[in-house]
Amino acid sequence: MLNVFHNLEISHYIYLSTVLFSIGLFGVLFRRNAIVLLMCIELMLNSVNLLLAAFTEYMGDANANGQMFVFFIMVVAAAEAAVGLAIIVMVYRNTRKTDVSFLDQLKD
Amino acid sequence: MNPIALILGLPLIGFLINGVVGNKLPKLVTGAIGTLSVLIAFFIAILQWNFISQAETNSLQLDLFTFLQIDQLSLKVAFQLDRLSIWMTLIITGIGTLIHLYSISYMKEDEGFYKFFAYLNFFIFNMLLLVLGSNFLMMFFGWEGVGLCSYLLIGFWYKNEDYGKAARKAFIMNRIGDLGLLLGMFLIISQFGSLEYNVVFEKIASGTVSTSMLTAISLLLFIGATGKSAQIPLFTWLPDAMAGPTPVSALIHAATMVTAGIYLTVRCQVLFALSPLTNEIILWTGLGTAILAALIGLKQNDIKKVLAYSTVSQLGFMFVALGAGAYSTALFHVTTHAFFKALLFLGAGSVIHGMHHEQDITNMGGLKSKMPITHLTFLIGTLAISGFPFLSGFFSKDEILTSVFVHNKIAYFLLAGSALLTTIYMFRLYFLTFHGTYRNHHHAIEKVHESPLNMTLPLMILAILSLIGGALNLPAYLSHSGGFLSKWLNPLFAIPQATHEISHNTEYTLIGVAILIFTTGFLIARNIFVTKATIPSDNSVGIGKVLQNKFYVDELYQKIFVRPLEITSSILHDLFDGLILRAFTFGVYPLLKLVGRLNKKVQNGNIEMYLLYMVIAIVLLLGVNLIFA
């Protein structure tokens with residue numbers, strides 16, 4: 001099982017990570033549902049995590065500094081999701097919507 | 001406490017008190033502060049006399065701090081009280097005290113009373129700064145300061161627009177002269193690397209600098225002097241300066257400030273003594289001014305204007321003396337002139353006060369019995385300035401004439417002619433004011449009154465000084481040891497003054513001529529204005545009209561300098577300001593508005609759009625990075 005991963009070239013990880021990041025990015029840009037937005041952000045963060053883990057292996061870093069970053073990002077992502085969901089819940093209670101295009105009231 | 005600090009500090013303190021809280025104090029207190037601060041400074045200066053006179057080189061120093069340090073050049077705030085400064089200080093504070101005292105009554109109805117005393121005190125401070133400074137920089141500070149005070153006091157009654165214009169004229173014409181002075185100082189810095197008097201004068205005396213350079217420096221300094229001391233071509237501001245209150249005319253525009261140019265020349269004696277060309281220019285400029293102003297004075301009908309032109313003319317006399325190399329004589333005339341001209345101006349002020357602001361002598365006459373003290377003192381002043389034998393003016397003017405006689409015979413005859421004119425216009429003024437019949441129809445003669453004691457007291461003191469002031473520098477034929485003032489000043493002059501060795505016969509002839517001049521002038525004036533009782537009219541014809549219109553000098557300056565400047569300005573205004581600058585300034589607003597309108601669309605509050613911009617920007621940056629890295 002482990003060998004399978006080791007036999008993959010680094011470029012494969014990069015492609016996959018780029019695809020995941022782009023999906024996340026386009027989701028953030030073009031979807032209006034706040035929950036989907038949060039999920040897309042999560043997706044972008046995880047694509048970065050994947051890349052970090054892959055590069056750690058590729059560079060042969062014995063201390064696994066890159067993988068340490070992965071844990072940091074996971075923690076931040078969890079915190080962000082908690083705060084983001086809380087905001088969405090509050091917005092929903094006030095407006096009965098989870099549509100972010102509604103949140104342009106600060107403009108004028 | 002250094003006496004110099006006290007002498008300088010007291011008027012400054014008086015200025016600050018009167019200027020800051022003067023409007024809350026009673027008028028008597030304001031006046032007393034102004035007068036006493038100058039009076040105490042006068043006494044402190046007197047107390048220093050003993051020490052200064054003990055030895056020839058005795059002088060007091062006060063070095064405060066270095067004002068500016070540029071490379072090798074250090075500009076110090078330093079003062080010295082030497083023989084020349086103490087002489088000037090005594091004149092300034094002495095006459096200043098009398099005029100402050102006089103002003104308490106003269107200005108008592110004025111709403112700007114406290115302001116007036118603040119300005120006067122500030123003037124005294126600046127004038128003392130001018131004469132006490134031990135370098136050109138301090139002198140220049142004082143020089144500019146008195147110019148400022150002169151401006152403020154000429155335009156004291158600023159609600160009258162003409163007075164304001166007169167003040168501006170004085171200020172601007174002085175600026176022209178000051179430019180010369182400033183350039184002279186720059187040349188001094190470049191040549192000597194210092195502005196300290198003793199350093200500069202020592203280097204000049206040692207003869208390391210070429211005569212042409214000395215001539216250039218002295219000419220530039222002289223241009224400064226023509227501005228402040230109202231010589232051709234910059235004299236027209238002084239008669240207009242009579243817009244100020246009369247005590248100001250007496251103090252600033254007769255006794256002290258206008259003699260700053262003479263002080264400067266005497267102070268820089270070594271410089272001027274080594275530039276013969278400059279001396280000739282000074283001589284002829286002074287002579288021209290003396291004659292021109294005396295001629296104009298013949299036909300003026302404003303009591304103060306006559307005195308103003310007389311001042312210009314007398315300043316011309318002083319410059320003639322300087323040009324002839326008689327420096328102590330010039331300072332002697334400064335002193336006696338300060339006495340009798342301050343007296344005449346204060347007398348004129350007393351007349352104006354008594355006549356309720358009437359200044360036209362064609363409306364006066366017969367004031368002799370109504371104003372006895374003013375009349376008597378004014379007569380003494382007139383006699384003194386006209387050269388009545390053995391009054392102060394006789395000695396100083398005779399000394400000037402003698403030194404010019406030795407120097408240049410033609411100049412002597414011209415100057416003697418000017419002295420004759422002086423006698424005529426002064427007695428014309430005197431006879432028209434005090435003799436004949438009263439001619440004013442607006443005010444009954446019963447309303448004319450003598451001035452109060454604190455106005456007549458300065459008149460009396462100045463009259464006594466005008467009587468005996470000649471004793472300060474008696475000619476050799478009256479005292480065995482020669483003049484006091486010239487001996488007093490001699491140690492200051494690195495290069496001995498020109499001494500005029502003339503035979504006793506010549507000397508007595510010159511005195512005879514001087515007395516003859518006085519008598520002739522007196523008789524001419526008496527014949528016209530007493531015997532024939534001529535009253536000058538405003539419509540003279542021929543040469544009289546030219547004189548009445550002051551040789552059209554103002555009109556000439558208007559045509560030569562002011563009009564072209566105005567035309568240039570209006571062209572620049574229309575072209576540069578109207579088209580180019582206007583296009584710029586008024587183009588900015590529409591441009592900003594357009595940019596704002598375009599940017600408004602970007603900031604629409606739509607979060608997705610913001611994110612999109614962000615992503616596009618990042619992609620662009622990365623793309624650029626990829627292509628160019």
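**The hairpin of chain B**

In this predicted model, E1(B) and E2(B) form a hairpin with two residues between them, and B:Asp71 in the turn has a positive phi of about 50°. Helices (H or I, at least four residues) and strands (E, at least two) are DSSP runs, numbered from the N terminus.

The model is predicted, and local features need pLDDT of at least 70, side-chain atom pairs count only at pLDDT 80 or more, while totals for chains, interfaces and linings use all residues. Residues are numbered from 1 along each chain as its sequence is written, and chains are lettered from A and ligands numbered from 1 in the order in which they are written.

*Strand pairing and cover*
- Strand E1 (residues 60–70) and strand E2 (residues 73–81) of chain B pair in the antiparallel sense over nine bridges; pairing requires at least two DSSP bridges between two strands.
- B:Phe65 stands opposite B:Val77 in E2(B).
- Among the 11 residues of E1(B), the count of buried residues is zero (buried: 20 or more other C-beta atoms within 10 Å of a residue's own; exposed: 12 or fewer; partly exposed: in between; C-beta atoms are placed from the backbone).

*Helix H19 of chain B*
- Helix H19 (residues 453–468) of chain B has 16 residues and reaches 22 Å from its first C-alpha to its last.
- Buried residues in H19(B) include B:Met455, B:Pro458 and B:Leu462.
- Helices H3 (83–106) and H15 (327–354) of chain B are among the elements that cover the buried residues of H19(B).

*Chain A*
- Chain A has four helices and zero strands.
- Of the 108 residues in chain A, 9% are buried.

Note on methods: The expected span of a helix is 1.5 Å times one less than its number of residues. Two residues are in contact if their C-beta atoms, placed from the backbone, lie within 7 Å.
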